[in-house]
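Me: I'm new to this one, so please pick a single part and take me through it slowly. I'd like to hear about charged side chains and whatever surrounds them.

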Amino acid sequence: MATVKQQEAKRSSKKKRKKMGWRKAAGKDVQRKVRSRSPATRILPPKAPQEFSTNWKALQELLLQKAVSLKVPSPAPPEAAQTSQACSEARKKVKDPKSQETATKKKNRSVEKTIPGDQVPKKDRNGGVTLAMPACRASSNVKEAKPPEKRKNNSTGNKGSDMKQKRKKSEAEEEHPSAKADIWFDDVDPDDIEAAIGPEAAKVAREKLGITENTAQRTTEKVLVKEKAFSGLTRAVAMDCEMVGVGPDGEESIVARVSIVNQFGKCIYDKYVKPREKVTDYRTMVSGIRPKDIKNGEQFKVVQKEVMEILKGRILVGHAVHNDLKILFLDHPKKKIRDTQKHKPFKRIVKSGRPSLKLLCEKILNVKVQTSEHCSVQDAQAAMRLYTLEKKRWEAEIRARNTTQKSATEQKPSSLST
């Protein structure tokens, strides 16, 4: 019998163990189902009024008690207080189903007043009202909503603002340095800077070197023009012309300005010429001619006649002067032309077969000309100054050449007679 009883006890214990195992397995399945739920469903805000936490309500009551004890008005804004009242009314309505319909109407009115226009209340399946989450959360952030404090206009505050403004100005100056700081060339002529970069850079360079534009012009004038000298016509005159382009591409040239100076560099003739054709290229960067200059200029025939009268019987000096005569449709005896471009001593000094006037002035006169826009008066003065430096030698060479030519012509008929 004992063995039968023991066997039955064993069986009953096995059944109990199985039941306990089933229960544990069922509990584990429930836990798995809970875990399998997405985290978004657990984090979502409450939708129905009955889902709001009682802790939130207790917190509001505690805050109100503190405000009353301190004799300070409640820090909660009116919107948050109204939303809390609406929530409490909704909870009461859910408990009392008889007064559900009347309570919903009152609650909807109160919620419409408290909630902004973009947050519209929604209805539940049961007929209740769900409040938008931002309106309910606004009441939880009661401590953060404080009235703005007015700043006191103390002297210390003004000083601080002044210091900040000064710092901002200094930072702006560092970010945008002036053009003066950019130019750091050492031992560079301002005229070369003007030709390469522009007049503004040259102006800054002259200021750093202590040279003004007026002083630079005066130095060139002192070298090229003789002060307190005769200002009328002399035996030798220098001429220079400025030209503009005509035709489809502006390749053909016509005269736009004629300037003549005497032996001492004094200007005796300077006139703009009215164009006979439509100008297609003013060449302002080189010629310095602008439309307003030649719009009311002198007629070409008048200028041609006046220049011809001045040159008659005089020595004509110029740089590549054959181009100036060609553009004026004039002719002059070769014996009375002194061209600084063709003078051999100048070619040897500069070491160039066709030296420019700018190069000759730099090497021989130590003066800068034609740095930007050309000036026919200054070019004529430069050519005349080069001629006057070599006048004695130049004229002596021409006399010697003329005597040799005369002697050669005289010997030819004598040889023929013998």
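**A charged pair on a hairpin**

Reply: Let's start at Asp270, which counts as partly exposed because its relative accessibility is 35% (buried is under 20%, exposed over 50%, partly exposed in between, with a 1.4 Å probe and protein chains only). Before going on, this is a predicted model, where local features need pLDDT of at least 70 and side-chain atom pairs pLDDT 80 or more, while totals for chains, interfaces and linings use all residues. Residues are numbered from 1 along each chain as its sequence is written, and side-chain values use heavy atoms, without hydrogens or water.

Asp270 has a partner: Arg257 makes a salt bridge with Asp270, and their closest N and O atoms sit 2.9 Å apart (a Lys or Arg side-chain nitrogen within 4 Å of an Asp or Glu carboxyl oxygen). The two belong to distant parts of the chain, 13 residues apart, with Arg257 in strand β4 and Asp270 in strand β5 (strands are DSSP runs of E with at least two residues, helices runs of H or I with at least four, numbered from the N terminus).

Now look at the strands themselves. β4 covers residues 252-261 and β5 covers residues 267-272, and they pair in the antiparallel sense over five bridges (DSSP must find at least two for a pairing). Ile260, for instance, has Tyr269 in β5 as its bridge partner. Together β4 and β5 make a hairpin with five residues between them, and in the turn Gly265 has a positive phi of about 90 degrees.

Stay on β4 and find Glu252, which is found in that strand. Glu252 is exposed because its relative accessibility is 51%. On the surface, Glu252 gathers with Asp249, Glu251 and Glu277 in a patch of negative charge (for patches, residues need over 30% relative accessible area and no salt bridge, and like charges are joined within 9 Å).

The whole structure holds seven salt bridges. Lys271, Glu298 and Glu306 are linked through a network of them. Another one joins the side chains of Arg290 and Glu373, at 2.7 Å from N to O. This pair connects distant parts of the chain, 83 residues apart: Arg290 is in the loop between α12 (284-287) and α13 (291-295), and Glu373 is in the loop between α17 (357-365) and α18 (376-389). Arg290 is partly exposed, as its relative accessible area is 32%, and Glu373 is partly exposed with 32% too. Lys368 and Glu362 also meet in a salt bridge, 3.6 Å from N to O. Lys368, with a relative accessible area of 23%, is partly exposed, and so is Glu362, with 25%.

One last stop is Lys301, found in helix α14 (residues 300-311). Its relative accessible area is 68%, so Lys301 is exposed. The C-alpha atoms of Lys301 and Val273 are 9.4 Å apart, with 28 residues separating the two along the chain.

Definitions and conventions:
Patch = residues over 30% accessible without salt bridge, like charges linked within 9 Å, V, L, I, M, F, W, Y side chains within 5 Å. Areas by Shrake-Rupley, 256 points an atom, 1.4 Å probe, with all protein chains shown as cover. Lys, Arg positive; Asp, Glu negative; His and termini not counted. Charge placed at Lys NZ, Arg CZ, Asp CG, Glu CD.
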